[in-house]
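Have the sequence and the 3D view open as you read, and take the points in order.

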Amino acid sequence: SSSVGIGPPPEVIILAACGAKETLPSDPSLPADLFTSCLTTPLKVALLWAMRRQKLTRVTEEMLDRIPGSLGDRKSPLGELNWIFTAVTDAIAWTSL
């Protein structure tokens with residue numbers, strides 16, 4: 001019997017359903033419900049994804065949780081990241097229409 005290794009995440013995330021007797025692959029370093037996490041905490045998930053894809057070994061998930069500031073305060077690091085993230089995702093959405 002051969003085992004299939006799980007390598008680095010692909011360049012895309014596929015959101016799909018599975019049958020009653022099937023299971024979706026999972027990664028313990030990602031939220032269990034990645035789709036809901038993308039909707040409820042999009043900035044954190046984007047930073048987590050970028051951290052893992054860029055192999056930023058000196059950056060931890062705990063560091064992402066401690067970015068100073070608030071989402072609504074653009075003068076803070078967290079607020080500025082949120083503003084940039086929102087601008088980019090809005091631009092992608094508008095060009096996709």
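1. Along the sequence, the protein follows the pattern α-α-α-α. That makes 4 helices and 0 strands. Please keep in mind that this is a predicted model.

2. Of the 97 residues in the protein, 13% are buried. The exposed surface comes to about 7900 Å², and carbon and sulfur atoms supply 63% of it. Taking contacts between residues at least 6 apart in sequence, 29% join residues at least 24 apart.

3. Leu43, Val45, Leu48 and Met51 are its buried residues. What do the buried residues of α2 pack against? Their partners are α1 (34-40), α3 and α4 (77-96).

4. Leaving aside neighbours within four places in sequence, methionine 51 is in contact with Leu56, Val59, Thr60, Glu61 and Leu64.

5. Serine 37 belongs to helix α1. Is serine 37 buried or exposed? At 14% relative accessibility, serine 37 counts as buried. Beyond its neighbours within four places in sequence, serine 37 is in contact with Pro31, Pro42 and Val45. Val45 is also among the buried residues of α2.

6. After α2 comes lysine 55, placed in the loop between α2 (42-53) and α3 (61-65). Lysine 55 has a positive phi of about 55 degrees, although it is not a glycine. With a relative accessible area of 58%, lysine 55 is exposed.

7. Now for the charged side chains: how many salt bridges does a search of the whole structure find? The search finds 4. In one of them, aspartate 27 meets arginine 52 at 2.8 Å, N to O. Aspartate 27 lies in the segment before α1 and arginine 52 in helix α2, so this pair ties together parts that are 25 residues apart in sequence. Both residues count as partly exposed, aspartate 27 at 26% relative accessibility and arginine 52 at 23%.

8. Another salt bridge joins the side chains of aspartate 65 and lysine 44, again with an N to O distance of 2.8 Å. This pair links distant parts of the chain, with aspartate 65 in helix α3 and lysine 44 in helix α2, 21 residues apart. Aspartate 65 is partly exposed at 47% relative accessible area, and lysine 44 is partly exposed at 30%. Together with Glu61, the two form a network of salt bridges.

9. Arginine 74 is worth a visit too. It forms a salt bridge with glutamate 80, the closest N and O atoms being 3.1 Å apart. Arginine 74 also lies over the face of tryptophan 83, at 3.5 Å from the ring centre. Arginine 74 is partly exposed, with a relative accessible area of 42%, and glutamate 80 counts as partly exposed at 28%.

10. Finally, a word on ring-to-ring pairs: a search of the whole structure finds 0 aromatic pairs.

Technical notes:
Residues are numbered from 1 along each chain as its sequence is written. This is a predicted model: local features need pLDDT of at least 70, side-chain atom pairs count only at pLDDT 80 or more; totals for chains, interfaces and linings use all residues. Side-chain values use heavy atoms; hydrogens and water are left out. Rings of Phe, Tyr and Trp (its six-membered ring) pair if their centres lie within 6.5 Å; planes under 30 degrees apart count as stacked, over 60 as edge-to-face and the rest as tilted. A charge sits over a ring if NZ of Lys or CZ of Arg is within 6 Å of the ring centre and within 35 degrees of the ring normal. Helices (H or I, at least four residues) and strands (E, at least two) are DSSP runs, numbered from the N terminus. Buried means under 20% relative accessible area, exposed over 50%, partly exposed in between (1.4 Å probe, protein chains only). Contact means heavy atoms within 4.5 Å. Accessible areas come from the Shrake-Rupley method with a 1.4 Å probe; for residues, only the protein chains shown count as cover.
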